[in-house]
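Here is a protein chain to explore. Work through the questions with the structure open.

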Amino acid sequence: MTPHGGSPRRLDGKVAFVTGAAGGLGRSHVRRMAEEGADLLIVDICRSLDTVPYPQSTPQDLYDAVEEVEALGRRVLARQADVRDREALQEACDAGLAEFGQIDVVVANAGIAPLLVEDRVQAWHDAIAVNLTGTFHTIEAALPSMIAAGQGGSIVIVSSTAGLVGIGGASNGGLGYAASKHGAVGLMRTYANNLARHSIRVNSVHPTGVATAMVVDPAIVDFVARDAILSETAPNALPVALIEAVDVSNAILWLASDEARYVTGVTLPVDAGFINRR
């Protein structure tokens with residue numbers, strides 16, 4: 001059944017591969033894509049990293065995401081996998097291809113913000129490994145099948161406002177976060193050029209602070225409060241402190257759909273004017 005009086009939904013007939021799918025942002029992306037007709041391969045690590053100070057997703061969160069997709073009448077395959085582990089991610093992707101026969105949309109959403117008050121150099125390494133190398137692994141796992149299918153497709157990288165301006169603080173984790181999110185833009189632009197001849201579009205989205213468990217966690221609030229640059233002014237131009245996860249998901253949905261069929265190589269802020277006022 002389709003909404004809007006039975007008109008086709010924007011992702012009818014599409015299969016989307018989403019990483020970091022059990023967390024706050026990822027769950028929102030998965031929900032919106034299912035609402036718009038996509039079947040889904042969803043992946044999440046479902047455990048905590050030592051350098052990440054806020055609670056991360058659990059196996060139950062991933063199970064709940066599956067139930068939510070199925071309640072919307074869509075098919076879904078879930079796997080626990082770490083995006084740092086190329087082989088595990090490829091196994092998950094191959095399982096999705098065996099189940100659905102195709103992957104049309106990739107959302108490289110898995111990411112961490114290892115913003116520790118008690119700073120450690122490992123926070124740098126984890127930020128780069130998850131946010132940058134994990135994004136590379138995600139795209140590479142799905143790409144051969146997308147090219148072979150010859151049907152084009154859309155790849156969306158979830159970056160951050162920290163991928164476009166010099167913010168994040170002076171800690172190892174903050175520097176790693178900013179570097180990884182900037183690096184993801186370089187990946188996006190290069191993939192966009194490399195894949196244009198296959199009609200595979202590649203773009204990135206750049207949210208300001210989003211009202212998820214991560215952003216409002218006391219550990220992150222404390223980290224920001226201790227950094228004069230991060231805490232000195234209200235972050236956004238529009239009169240809102242945080243945006244909602246669905247605002248980011250709707251931007252991703254548009255980039256994934258045929259409505260954005262000629263949009264590639266774009267850094268799309270969803271930031272309430274954060275970047276413009278810098």
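In helix α10, the buried residues are Ala245, Val248, Ser249, Ala251, Ile252, Leu253, Leu255 and Ala256. Buried means under 20% relative accessible area, exposed over 50%, and partly exposed in between (1.4 Å probe, protein chains only). Helices (H or I, at least four residues) and strands (E, at least two) are DSSP runs, numbered from the N terminus.

This is a predicted model: local features need pLDDT of at least 70, side-chain atom pairs count only at pLDDT 80 or more, and totals for chains, interfaces and linings use all residues. Residues are numbered from 1 along each chain as its sequence is written, and side-chain values use heavy atoms, with hydrogens and water left out.

Q: Which strands do the buried residues of α10 pack against, besides α2?
A: Look for contact, meaning heavy atoms within 4.5 Å. The buried residues of α10 pack against α2 and against the strands β4 (105-108), β5, β6 (200-207) and β7 (267-270).

Q: How many residues of strand β2 are buried?
A: Strand β2 covers residues 39-44. Asp39, Leu41 and Val43 point one way, while Leu40, Ile42 and Asp44 point the other way. In a regular strand the side chains alternate between the two faces of the sheet. The buried count for β2 is six of its six residues.

Q: In which sense do β1 and β2 pair?
A: Two strands pair if DSSP finds at least two bridges between them. Strand β1 (residues 15-19) and β2 have five bridges. The sense of the β1 and β2 pairing is parallel.

Q: What is the handedness of the unit made by β2, helix α3 and β3?
A: Five bridges join β2 to β3 (residues 76-80), and these strands run parallel. A crossover is right-handed if, with the strands pointing away from the viewer, the path from the first strand over the helix to the second runs clockwise. The β-α-β unit of β2, α3 (residues 59-71) and β3 is right-handed.

Q: Is isoleucine 157 buried or exposed?
A: Isoleucine 157 sits in strand β5 (residues 153-158). Beyond its neighbours within four places in sequence, its contacts include Ala108, Ile139 and Val205. Its relative accessible area is 0%, so isoleucine 157 is buried.

Q: How many disulfides are there?
A: A disulfide is a pair of cysteine sulfur atoms within 2.5 Å. The sulfur of cysteine 46 is 17 Å from the closest cysteine sulfur, in cysteine 93, so the two are too far apart for a bond. The count of disulfides is zero.
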